[in-house]
Amino acid sequence: MTETHAAAAIAAETGPPLLETKALSIDFGGLHALNQLTFEVREGEIVSVIGPNGAGKTTLFNAITATVEASAGDIVFEGRSLLGLDPNQVTSRGIARTFQNVRLFANMSVLENVMVSQHCRTKQHAFGALLYTKAFRREEAEIRQRAEKILSFFGTRLVGYRMDQPAFTLSYANRRRLEIARAMATQPKLILLDEPVAGMNPVESAELTGLVGRLRDEWGFAIVVIEHDMGVVKEVSDRVVVLDHGEKIAEGDYAAVASDPEVIEAYLGKGTGEK
Amino acid sequence: MTDTASPLVPGEAKALLAPPRPALSHDWRRIVRIGSIAALGQAFIALSNMPVRLDERLIVKPVLSLGYLVLLFLPLAVGYRQGHQTVREGVPVFRPGLNEVVGGFSCGLIAGGGLAVLAVLLANFDLREPLVNWSPILLDLLAFGNQAWFAAVIWLAIGAGMGTVGGVLRLLGPTSRRAVVTMAIAVAGAAVLESLVVDLAEGMGLEALTDRLYDRRGGVNWNSALGLAGVCGILAVAGRGRLRQARSRHAELQGAKRTQANAGLMALAAATLIVLPLFAGKLTNELLANVGLFVLLALGLNVVVGLAGILDLGYVAFFAVGSYSTAVLTAATSPRIAPEMPWLVALIVVVIITGLAGLFIGAPVIRMRGDYLAIVTLGFGEIIRLLFLSDWLSGWFGGSQGITMIPAADIFGLTEVSGTDPRRVFYLVLVFCALAIYVSWRLERSRMGRAWMAVREDETVAEAMGINTVNVKLLAFVVGAVLGSFSGAIFAAKVGSVFPASFLILVSIVILVVVIFGGMGNIVGVIAGAAVLIGVLGGPKQPGLLIEFSEFKLLIYGALLIWMMLARPEGLMPSVRRTRELHQQEMAQDAWLRGEVDDDGGGNRPAGPPVATQS
Amino acid sequence: MGLPRSIKNSRRKGRAFTVVIALLSVFALLAAGCGNDDDEAQAPEDTAAAAPEATTAAAPEATTAAAPEATAEQAPAEPAPDPREGALGDGSLGVVEVEEGDAIQIRSLQSITGDTASFGLPIHRAAVLAVEDYGQVRGFDVDLGTSLDDLCSNDGGQAAAQIIVADEDVIGVLGTSCSGAAVAAAPLITDAGQVLISGGNTSPALTSDLVGNPGPNFVEGYYRTAHNDLYQGAAMAKFVREDLGFSTAAAIHDGDPYTQGLAQAFVDAFEREGGNVTGFSAVNKEDTDMVPVLTEIAAGSPEALFFPIFQPAGDFIADQAPGVSGLGDTVLLAADGLLNANYLPLPQTEGMYFSGPDQRFGQNANESTGKSADELTASYEERYGEPPSSAFWAHGYDAATILLDAIEAASWTEDGSLWIDRQGVRDYLYALRGYSGIIGTLNCDDFGDCGSSKITVVQNLGGEENVQESLNNVVFSYEP
Amino acid sequence: MVPRTLRRGTPRTGVDWFLTFLRVSALTVVALGLLAFIAQEIDSDNPFARWANPDATGLTGEQFWGLVVSGVSQGAMYGLIALGYSMVYGVLGFINFAHGEVFMVGAMTGMITSNKLADAGMWESNFIGSLVLIVVVSVIVCSLTAVIMERVAYRPLRGQPRLIPLITSIGVSFFIQNASIVLLGPAAKAYPDVPDWVKTKHTFLQIEGSRILVILVAAASMICLWYVVERTKSGRAMRAVAEDSEIAALMGIDVNRTIVKVFALGGAMAGMAGILWGILFRSVIHSTGFLPGIKAFSAAVVGGIGHLGGAMTGGLTIGVAESVGPLVILEPLGVSGVSQLRDAVAFAVLIGVLLLRPSGIFGERLPAEDRT
């Protein structure tokens, strides 16, 4: 782990930023969900975003994926601003996400879940399907092949007979896995994982943690993780960003952040137990 | 979609856990409740004039008319139904016995009481002011021409009798019960479908058979009723289980074999549809043509509602646009422009026009939430009808005088299709149905179809997964519009005239009912739904086989829709996916019981037998 | 490993289905083409084969069809006195046999459900009464069969007509209620050799423009006892222009082809008479608040407002018109759609004028059944518990009796069966002159207009008790 | 789910461009119509007034006032019906399509009762008393109808996908409407004649008594309802259930009972509207409930669903728009037979409002799970 980690960290220091938020602010009514947030992700980097509840972590994801609109500031991905795009356009630029509360297409089969997520990477339109053209058939085969390849990334869990089962029959952990598989299928450069191990037992959690590393190493995605489990954060992150009340209060590697007094204060409060 | 329904309704759990009841204890409250509901139902049916109206139609020549059959059915049904609680999931909680008979008797008695009371009231009070059917004719019917007291006694007796029969029916073994039910359905069916059967028999040269079966003017005669019942009873007993075997054998088929079997079935069905009209007379062909038009509409709406999950209540707009543009383009009498195109050429233009109309209506509504979308599409449907109707645009569309003298559809100079020959209309419809089936089948299994499914499941996530939901939904809207326009174009050529009155909101709703009733998202289901509803009951402006029911058509539609939603929301022939949506809980449990769901360990269980999840 | 196979499978499946569909489409097209050719080719053979049977009257199955040549050839060969002595018709449209114990089949095709039921139902009921009153025809019962619904629409009419013509024993059809339905139904029914007699259609398109030009939808075998719209529009215009002496008028219709046509006829006639039309607008049948449309009309301050529509919209217009500024003194005029026992008692309709068929049935009696107008009204109310809700119910009664008379005139008994000549039925009807019915004297012209062309304008005296008097309170009558 | 804010900024896709075009052209048409109308009013001979419709004549002040009053009284009834839609939507999250039929049942009940009273002579001798009596009867019957409807058709479907109860409600609507046809006959039925003071215009503001009555009663009902919902215990329970029924159940609220109350209240409002309808138009037919029902739902949407004041505002908006709109906007633009298009105008208002403000005038109040 350390070898690749270090190498990646070096690359991250030197390469151009993949994603950058510039003084990003988001207001809901009078509430500042994010305030002047500036932060960046480099290619091949795994960044953890932590912070107490209500710190604006998920809002950050929503802002990046254009589910909420930025009030001020800018979000730049690969040198181009993401502002004003629709969520699907953001996804086709190369950012995929998972959801805090797993949201699968519950009645579609596991395979279909992954196949449908390649929508923005495929081109065949209705006429291809109607005329059953060669290009259409080739593309369908490709979609399917890629889907099966992605699913086999998770070992035997999502392949075999399970591939054709509706997603709602999956166990909780497998649903999480399928969500990641779905994000992978959009062929992103950057994956945003929203609490990927929430609700899992330690064994599953450890396994998934390993998976996050492999995602970067084997597939080359940059990854941003929101996570509460500090063990996981420690394990996976190249860099940790701490948010509180929509502001960045600390940034750095895990050790540095963990000992930052402001972070400790944010989590534990100033003695009076205020949140 | 969140599931709030608990897996077991509390009542059910109680019933499962409760100790078996002793053989002769009655749940009197239940019996009284069911009985009184039936009594009210009987009174309602009687006051709705249904028996009087249906008395014209004989079922068994001298003995039984459809009017009385309607009244006899309810006590029988509740007599059977009241014992329902004793059977759970096919497992009898206790041995059925005398209990059923006594229960059925009491239930039927109460149900019959409804008519008895009504008869007495009819004789003594005049409530004709609000209730138009409160008439001597009704009393006469109820009393079999005698005094009111006679009616009271006889209906109590009939109710009790039918209820007892219902109870006894429950005591029978499954085989004999099936035989009895088959016999009853066969006789009633043969009588009700008389015109169709005769029509077909004439085409096939089997008049001798129908002459024997039916009395010359309506109704099965007594002897043939017995004979028919006997034959069907024997068939039912002999064929017991065969059908199910065949079905399960079909379900077990895998891969290529299954495909072959399906293709074979499909070819068989298609061959029947192609050959049948050649033997059928005008009546059958007209019915088939009407059913076909609605199948076409329903297939179009199925793309919109069933596949993409957009609840379009204004679908009739596209039917209207299709009809009107065909009329304007082909008819010489259309007011302002009359290019008098041949039908096929016009069709191309019509497709373009309706596609644009789909875009125009679709664009503003596509981002709206489900229910808003429903009401707004409904509004659009009505706006379009009003525009066609309006004096303002009557210079273009004829206003309330419509456009008449629309020429027959000329098909490559081979043949001309118009309403005078319903057989040709049917073949034309068949071709377009095949096209519509192909389109929806192909699209469903493509990238677009998957995107529609995803949008239906969870729009936000679909968008986050890179699907341009607006475009995808618009496409569904346009495909639906174009399929609807085919129906409109054929309709214009068939009827030979278009009036705004053919495009009421009602039509949209009937098409929706067809889709839902048949089984949303399933092509075969949609076809079956149209055949049953439009063919048997009739469409909004089309009589079905049961012309006697035309007054009660919409009433029955309403009741059927409610019942269907309560009892079988996935429709007559559900699509696998739709069933999943509606019965997620149960299916998950079943899968768990079969060991097919992974536990939280994540797939450590040995893989069970693969399930057929083809959809 | 499993992957390529499954792809192949799905592809093959797709192919197979595509091929099936393609084959089906081709076959369906072919079948459509050939099937019909067969049909046409067979038709003459059928008639030819059936002809001898029909004339020898042996085979019970042979019900229809006797080619004219066949009868012509065989008639002189028969030495016995001709049983069809006196029966009309030359057999050119076929002959129908009614076996002993069977009933003569006629059908009723009226608008009996939905919003227009109040119009069609009385016509249907009158037909039922007529068939009952008439009794047997040459000793044979008459069966009105299951009543069909024209749904007041072209598609409904066509579909119902298709059902009727499927039964080859049907001689004639009483209907339709709505002209729109007749446009689609008449060609089918008359094609089958049957006749269609309407008590409710008034559209000129179905018969003629009254000066000898057939309307676009005219077909032979179609008759009606209702009058032609053109009379009524002209009558009302003349009344307003001459009797009331008004020079401005407006009209409102409700989007129904009938009301629109009548309103248009009125407006055209009024302008021909030298009047000035200040407004022509429309409501929808479901509208209740008429203030906007009345305001629109009020802007032209007409002296008279003609709204030949139906209930309930008619109730609201009469009710709300006096309250709209500018219409306070406007005289309200309506037509037969509102001239009925439900509308006249409404307090707001007192003093209104109504055009319509002459409803002074008074001493009129139907010459076939002998029933007088009063008796008929009484038996209607007794039977159905309400007065007729449409002005054309009596037309329906007369339509039924002339059909039965026609059947009687065109039929003969032979070997215990009754034989009815379809052409004879038409011959009788086209030749009908001076028939006295409930609605007055019926004369059929060459285009099927049989009704009395007399239009009257009555003024409503108001009140429930005065309905009959109001119907008789004729202030203007018009006969071209 | 995170709230998806309405995006400002420039349109990006073809659909956005098209929508912008639609918004602009709708506003342009309205503005042009209004301008032409105003020009007509100032001087009906000026060229600007006649550019589109040379025959147009302006309206007198009295006529315009008449239109507004008719729109307001019609709109007040839409508003009363819309309350039922809005409340049920707020609590259960589906369109109860059959609610319009409850209104029809109310009008029918009123017709039957008032005719019986007229036969007994009480209608003439004590009009106000009879009116109160028929209101009571009709409110009870309508509440019962609504509650039975809920019990039979909707309760078993709780928790099913939203489409299912919606379709069921279409079935219920068909059933009630056609039950009315088969039981009571298809013809229009009249209310007995009302006293003169109801029919004639009063010098005060030149309004008919019946319309004053409608507006007053509607306002009073609205206030009562507002009091019940905002100030009583049951009202709090309703709001809680509307907010989140699961949480409400955990807080000890009997959800079923509360939903029954919501239906009963909605039914009562519809029954009230039915009587007002009867007094105003004095005629009722089986289809009386259908179109007003749909328009009332549109009104609820226009006002912002789940919002009581919104329902009333929406009702008034639609009522006034369909009454005034055709003559003020369409006729100056040269459309002939404008009154025929009034339903089209009502639906156009619905579409227009949703185009400009997707969540209605007051914004929607939806159950937690629906805020997606």
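Let me start with the interface between chains B and D: 61 residues of chain B and 63 residues of chain D take part in the contact. Bear in mind that this is a predicted model.

The size of an interface is often given as the accessible area lost when the parts come together. For chain B and chain D that comes to about 5400 Å², with 76% of it on carbon and sulfur atoms. On the chain B side, the residues that lose the most area to chain D are B:Asp371, B:Tyr372 and B:Ile375, which together make up 12% of what that side buries.

How many salt bridges are there between chain B and chain D? The count is one. In a salt bridge, the side chain of B:Arg367 meets that of D:Asp16, at 3.1 Å from N to O.

Now to a helix pair within chain B. Two packed helices are described by the angle between their axes and the distance between the axes. Here the pair is α23, residues 505-518 of chain B, and α24, residues 523-537 of chain B. Their axes come within 7 Å and cross at roughly 120 degrees. Angles of 65 to 115 degrees would count as roughly perpendicular and those over 145 as roughly antiparallel, so α23(B) and α24(B) are oblique to each other. The crossing of α23(B) past α24(B) is right-handed.

Which residues meet? From α23(B) there are B:Val510, B:Val513, B:Val514, B:Val515, B:Phe517 and B:Gly518. They meet B:Gly525, B:Val526, B:Gly529, B:Ala530, B:Val532, B:Leu533 and B:Ile534 of α24(B). Sorted by class, that contact has ten nonpolar residues, three polar ones and no charged ones.

Methods. Residues numbered from 1 in each chain as written. Chains lettered and ligands numbered in written order. Predicted model: local features only at pLDDT ≥ 70, side-chain atom pairs only at ≥ 80, totals over all residues. Heavy atoms only, no water. Axes fitted to C-alpha atoms, helices over the stretch in contact; angles between N-to-C directions. Helix = DSSP H or I, 4+ residues; strand = E, 2+ residues; numbered from the N terminus. Parallel < 35°, antiparallel > 145°, perpendicular 65-115°, else oblique. Left-handed = near helix turned anticlockwise from the far one by under 90°. Contact = heavy atoms within 4.5 Å. Nonpolar A, V, L, I, M, F, W, Y, C, P; charged D, E, K, R; others polar. Buried area = accessible area lost by both parts, 1.4 Å probe. Salt bridge = Lys/Arg side-chain N within 4 Å of Asp/Glu carboxyl O.
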